[in-house]
Structures are given as C-alpha cells and as structure tokens.
Amino acid sequence: MAMQATVAIADHHASPTYAGLSSSSFGSASQLRLSSASSSCIASSSSLFQGDALYSSSRGGALLLISGSKRRTQLGAYRPAAFFPSVRASSSASTPKKVLIINTNSGGHAVIGFWLVKELQSRGHEVTILTVGDESSDKMKKTPFSRFSELREAGAKTVWGDPSNVGAAVGSASFDVVLDNNGKDLDAVKPVIDWAKGNGAQQFLFASSAGIYKTSDEPPHVEGDAVKADAGHVGVEQYIASLSFSSWASFRPQYMVGSGNNKDCEEWFFDRIVRDRPVPIPYPGVQVTNISHVKDLSSMITLAIENPAAANGTTFNAVSDRGVTFNGLVKFCAAAAGKEPKIVYYDPKAAGVDAKKAFPFRNMHFYAEPRAAKEKLGWKSCTNLPEDLKERFEEYTAIGRDKKDIKFELDDKILASLETA
Amino acid sequence: MSVRFWKFDPAISYHILPPFVADIQKLGHRSSVLSISPCRCLCFSRLPSHCQRAAAAVQASYNGLHKIDMHRPCEQSSSLLWVQPINVTRAQKRGGVQCALAAATAVESKKILMMGGTRFIGVYLARLLTEAGHEVTLFTRGKAPITTQLADESDDEYKKFSSAVKHLQGDRQDFDGLKSKLSGSGFDVVYDINGREGAEVEPILEALPNLQQYIFCSSAGVYLKSDLLPHFETDAGDPKSRHKGKLDTESMLDKKDVNWTSIRPVYIYGPLNYNPVEEWFFHRLKAGRPIPVPGSGLQITQLGHVKDLAVAFLKVLGNEKASKQVYNISGEKYVTFDGIARACAKAGGFPEPELVHFNAKEYDFGKSKAFPLRDQHFFTSIEKAKKELDWEPKFGLVDGLTDSYKLDFGRGTFRKKPDFTADDMILEKLGKKVTVAA
C-alpha cells in the first residue's frame, strides 16, 4: 500500500524555482511515492523551528515528508519522489519537444492525434504523426485523415507505416516524446515501446481507455480504481512503467466530440433530431456518461508533454469534468438543432436488438472524472457541451449530412417492438 | 502553537512520534494527532516489544480525535489505530530516520458561539473545537440535553467535554432577545449550524460587530437541478427550492461586511443522524424486508460522514482562504440508490438485500415517504475544499456506514420508528409477499 503523507508547500518567495506555485500544486497524498530514508528529500526537524525557508509560508503550513520503507507501486518499478513532487504545470510552452504520435487509422481515438498535432505545433513543438497502414488505404478517405493537409500546413510531418517497424517509417529521426494512440494490448504496443526506448525517447505516453475500469456502485471512475484484469491496456501500462523512461503516463479517454471525428458521437443524435424522428434511448435515460470536447484531451496531453516531471508515473482520466445523462444529451443536441426532443425508452433485450449496435454509448453509468490531471497538472476542462454541440451542429449541416439519406433499421425495429408491446 | 500530525503511517509513528511529541511539548506547544491512515491491522500483542512500548508512549502523549485501542485486533474502524506490519529499515534501526514536522495552521484560541450544536453536526464539531483549545458556547432553547455521551466515548472524555462546553439559553427566532443576549458577549466566531432564513443572521451580526468569522451550515440543496453534473460551487442556485432560505442566508452574509464561510453538505450520515438516511435502510434490512427503490435505482447521489464534515468545519476556522467562500463537503465518491442499499447491508453484516423497483407516479403515499432521498441525480464536486482547505474525507461509504451502524443503529438506537406503510402499498401492488420475522 502506498504510503501517505500530506505535503504542504514552503514559502515560494524563498525558492524562486517554484515561483508560481499555488495550492493547486498539492498532489493528492495518495499520488505521492515516498522515498526511502536515505533520500535527500528529508529535512531535519530542528531546522523547521529555526525559521528555515521550509517552515514559513503564507498559510502557516510546512513541509512534511515521512520516510518509510520502500513500497512497490502497483505498476512495478519504485521511483523515489522528488522533494516537491507536484510541480505546478506552466502555461507557456517550455523547451520545444520532438514528438512522435503513432495514430490509429480508425475509431474514436483517431481524432485525438489530429487535434494534438495542431496544438503541439502551435506551441512550438515538432510533431511527426505516423498513421498505421497505407496512405492509399480507403480508410484515409474519412476524417480526420482526409484533412491531414491541415497538419502539414501547420508544420507537422505525416507518415504512414507499421507500428512493429517504426524505424522504417521515421528513418533515423529521434524523438523526445512518443505517444502510442493506436494499440490496445501489449502485442500491438510493445514494438513501439521498445523502439522508443532504444531510440532514446525520454517520455512515453499511451492512449489507454476508461473502459477498463471495473463497474461499481460508486461512480465516478477515479484514477486508482480497480480495472478489469483481462484488459489489454493494463498490460501495456505495466510494461511502460517497468522500462524506466524519464517520464511515462497513460491517458484513459471516454467519448469525444470535435471536428474531424472518425467515429459518430453527436451525429447519431442529430441524424434523428433533424429528421424529426424519435430518439430511442435505452431505459431509463438517466445513465451518466462523459462526453468531452477533444480539445480537452489535446490540452491534457500537451500539459503532460510540457511538464514531464509532474506527469510522470500517472494514469490520467482524459475526460471533461462533467458527466451528462443520456436524456440531457438529447436535450442539448435538440437545442443545438433548434428542435424539440422526442425520446422513446426501450429495453434492448425486449426489443431484440444488440445494445452496442443500437446506441452509441455503453448502456450503463460510464463516468470517469479527470481528478489526476487537475491535481497534478493544474489542468482545467474547457468542454461546454451545450455550446460545443451548437458548433458541431453547424458543421453537421455545413457538410450536408442533414440531407443525407440514412436508413434507420435498428430504430425501426425498436419502435415496432414498442408498438406491439 | 497547536501542532497537528497528519496522516502518517502508524508503523513509523511508533519509532518517530514519541520523541517528537516530547520535543514539541518541551517547546511549549500543544500536540494532537488528527488523522491516521487506516491500514491493515496487526494485533498489538504481535508487535515487537520495543514497538509495544513506543505505542504505549504514543497513547500517553496522544491527545487527538482517534483512539488507540491496543487490545482490539483486526477490526475495520476508523476510531481504532490500525497498525501496519512494521518493515523496519536499517536506517530506522540505527535511529537515523529524520522527519520534517508538519505544523498546522496555527489558529489561536477563539471564543466560539455555536447556534444549535446539540443534535448531530455540532455534537462532533464542538468536541473538535474544545479539543483544539477553543471556548465553545452552544446557543439553544434548552429543550434537548446540552451534551450527550457518544457510544465510543469514555466517561472521562465525556466529563472533560461536558464541563468545557458552555450553554447560552434562548430562542433564536426571538430576534430582539437574541440580539440583547449576544451584545457585549465578545464572541469571536459564530458557527451557525441550524440557521434557515436570511433574516436570522441580522440580529447576530448586529450584536457582534467585531465578529471575526461567520461560518454557516448551508446545503447542496440550493443548487438548481441540472443535466450536467457534478455541481460545482459556481453553479446556479435555485431561488425556488425548498432550501431557498439557505441561499438567501448566503446572499445576506455576502452583502454584509462580514468575513463569512458557507459549507454545503449533501446527504449527511453517521452515528446520531436524526434524518432517516441510513436508518431507513437499516430498519428494512433488520426486518428482513425487501427495499423499495423508486425508478431504476440508477439515480446517483452522495453521502458524507458527519465526522468528515465536522473536520471541514474546523478547517475553515481562521482560514484566510475560506473568507467569503462556499464549499461543497461530502464523500469522495458518489453512489447509486441501489448501491446505498447494498452498502448498508455490508455495513450491518446483512445478506445482500432484495431490491424492489417501483414507479412512484403510480402511487399516492399520502404523508408516508416511500424513499428517504430525492428522486434525481444529486451530487457535488468536493475538489475546491480538497484543494483549498487541505481536507479530504476519511470515510469511504461502507466504512462510514459501518461506523454509523456500530455506534448507533447496531446498538439498538435510532431516531424514528420504522413505518412500512408505503413499503406495503408497493409490495401489494407488485404482487410481492413479505415474509417477515415476527
């Protein structure tokens, strides 16, 4: 069990290195890993009473670090804590980094890479995005890949290749940071991790999934909660931790909205609302989920890249800081479309439909909170779902999707089952 | 200066704490231990003898909230000092361990007026305040006993507390009487635990022009219902809610030139709860009855232990950060309605309960309440308090309900007799039979 201690901050006027530190830099006590007795991070008790810089502070707090025996963390190699383990994340870009993103060629995570490249380039970093597969593949006709010229215009390099042979795609280039936003298990990610280690990358980041949390009576999913033992992502996180990169972190996203999305999210609701169709929602509609604007994920990962010490050794729930019910989401989508929502509730089993195909989200409370990012990186969420959906609806109509001829087979099956019920 | 030790590994404390406490006391400070991390239990008798001696020394110098019971092994209770198997490093054996010392915000002794304080929150808060060296006066009508002994409180401790705490008799609804009773009384701080309406604040503020801080017990019930949750302190309040008086009081305080702090709890639970939250579930579990839950049972709410709430109230005292601030105070995690039933069963050692879901719209329960909690999602973020007050809840849900069961319902005490009228209506309509032990 990890040791616990509270850490108060010393008077930051006395130590200019930590200028700008605020109480937001206090890590949650359970995040701290305490060092062994021989570490340099212990101060003698007497010095505190001699008016040492350690003691005085505007809040009257002082520093406490209790030494203790080493503990293996859940994820493997033990790391001694820095003296001030929670360094306030700076808001301006630090040294420019060379970042390599291994990006999936389909699915919900694809859009993360798209936004992250843009954000990093705008902050002076040098990004290469390696998309899995061939540039000529049909998959590249969908967004965000169809818009990769925007990434090149921003100064990034776009390459294609095989994650099991990163070197073939990037040649002799070296990177400070490698992010795998592709694999779901060790088989897929290990070659990337090993290549990154051999390539001398200091920081390794992994896009995992909040779907690996075990279901519980007590939401939300919080970093540190139990995860499903068979989840492939867990093995990846453990392997990364064991390799002693200077810094590693894992990000667990949920669902995202944002321009360039590869997988439908809000579009599923707009499709029905704009055609005046009822929106079938699995009963009771109060299920809570977390729909983030992808810029929240991009900003969180950027903060981790710019503050590797603060981010080190952490799994971050990469989500907004508000949950929304299915009912609420329909209401917001309808408001964005300027329509009245029409909801019908159904039981997937009774209707004879596969819940996964009939509805875009898991039929349960699936709600994580981004507590680690707030505590360790001073990150703030910018998702504002009602407003974000308005912007999403504008694009939805601008690309003509509201006029598209769509079949609603599963919807019709559900509605039919409700009539005969 | 009052020095508090926070959250350290008890195994370390046996080696480090006694000489520390001695040093601190030599320097003329009071010391107290406010919280100890719960961890795996080790029987005292299995500790090495030098640790047993150290543990006894800790107990002797110990002056805090949590008791050390050396002879009750392996129980899940936060009022016990848990002992982790000691992994003594070479450095520790050589005595080479060095520790930096945490000094809590030094709050000098205050003369405190508590409005109410005899029933639930105040019972625990008054104890924390007197132990921290403050002078506490409870303002009540005198209808209930001023103090009552806690189930896990020794006679000596209770005697010490009951003789320290003072009483001022009066009816706070008599504004003129209240004002004259408080004028010139010299109270530094007011804890308003039982205030309901904004107008109730005025006589107190007029009588105490030099008041250093007005700490108000508000409610998360002030929040306007929303599809986006959790509620943050910046969210809109509902001027039409049942708790609009609390919202009014907060606005009133903000308008006056007073240093105020407002605490918004969600559902409070714990021993001596007079609101039938956990009690409602315990009655049904004890009677072996199914538990009726409205709707799907997926409604998410939040329970906070009264002892954690009391500590939060203590943390805002004399705290500059808390000036004119509102804080949500409740548990770290939220919980579904179904989940509360299961957690209560675990807490009381009952078998997994049968849950019966019903559609509340199909019934007219009259005056009987079919379920003790509001039928909606209702939960708040406590991150502001955690960040600014260096506070965090000590009790997880099952731990906290166990504490409540052990010290209250499980001993045969409760506030309201069970009323199964609504339950029976539901069960009858759903064609369910109840086989109840006589």
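A: Setting aside neighbours within four places in sequence, A:Phe269 is in contact with A:Val279, A:Ile281, A:Leu329, A:Val330, A:Cys333, A:Phe359, A:Pro360 and A:Phe361. Contact here means heavy atoms within 4.5 Å. Before going on, keep in mind that this is a predicted model: local features need pLDDT of at least 70, side-chain atom pairs count only at pLDDT 80 or more, and totals for chains, interfaces and linings use all residues. As for bookkeeping, residues are numbered from 1 along each chain as its sequence is written, chains are lettered from A and ligands numbered from 1 in the order in which they are written, and side-chain values use heavy atoms, with hydrogens and water left out.

A:Phe269 belongs to the largest nonpolar core, which has 41 residues. A nonpolar core is a set of buried Ala, Val, Leu, Ile, Met, Phe, Trp, Tyr and Cys residues joined through side-chain atoms within 4.5 Å. Buried means under 20% relative accessible area, exposed means over 50%, and partly exposed is in between (1.4 Å probe, protein chains only). Along with A:Phe269, the residues with the most contacts inside this core are A:Ile291, A:Leu329, A:Phe359, A:Phe361 and A:Leu389.

Which elements build it? In chain A, strand E7 (255-257), helix H7 (266-274), strand E8 (279-282), helix H10 (326-337) and helix H14 (385-398) each supply at least two residues of this core. The largest share, eight residues, comes from H10(A). These labels follow DSSP runs numbered from the N terminus: helices (H or I) have at least four residues, and strands (E) at least two. There is also a second, separate core of 38 residues, and it includes A:Ala110, A:Ile129, A:Met140 and A:Phe251.

Leaving aside neighbours within four places in sequence, A:Thr158 is in contact with A:Ile129, A:Phe148, A:Leu151 and A:Arg152. You'll find A:Thr158 in strand E3 (residues 157-161) of chain A, and it is buried at a relative accessible area of 14%. The side chains of A:Thr158 and A:Arg152 are joined by a polar contact of 2.7 Å. That term means a pair of N or O atoms within 3.5 Å; within protein, one must be able to donate a hydrogen and the other to accept it, and residues adjacent in sequence count only if both atoms are side-chain atoms.

What about the cysteines? A search of the whole structure turns up zero disulfides over all chains, a disulfide being a pair of cysteine sulfur atoms within 2.5 Å. For A:Cys265, the nearest cysteine sulfur is that of A:Cys333, 8.0 Å away. A:Cys265 is buried too, at 4% relative accessibility.

Last stop: the backbone. Most residues other than glycine have a negative phi, and most peptide bonds are trans. In chain A, though, the peptide bond from A:Pro219 to A:Pro220 is cis, with omega near 0°. A:Pro220 sits in the loop between strand E5 (203-207) and helix H6 (232-242). Over in chain B, B:Lys324 has a positive phi of about 55° although it is not a glycine. B:Lys324 lies in the loop between helix H10 (306-315) and strand E14 (325-329) of chain B, and it is partly exposed, with a relative accessible area of 35%.
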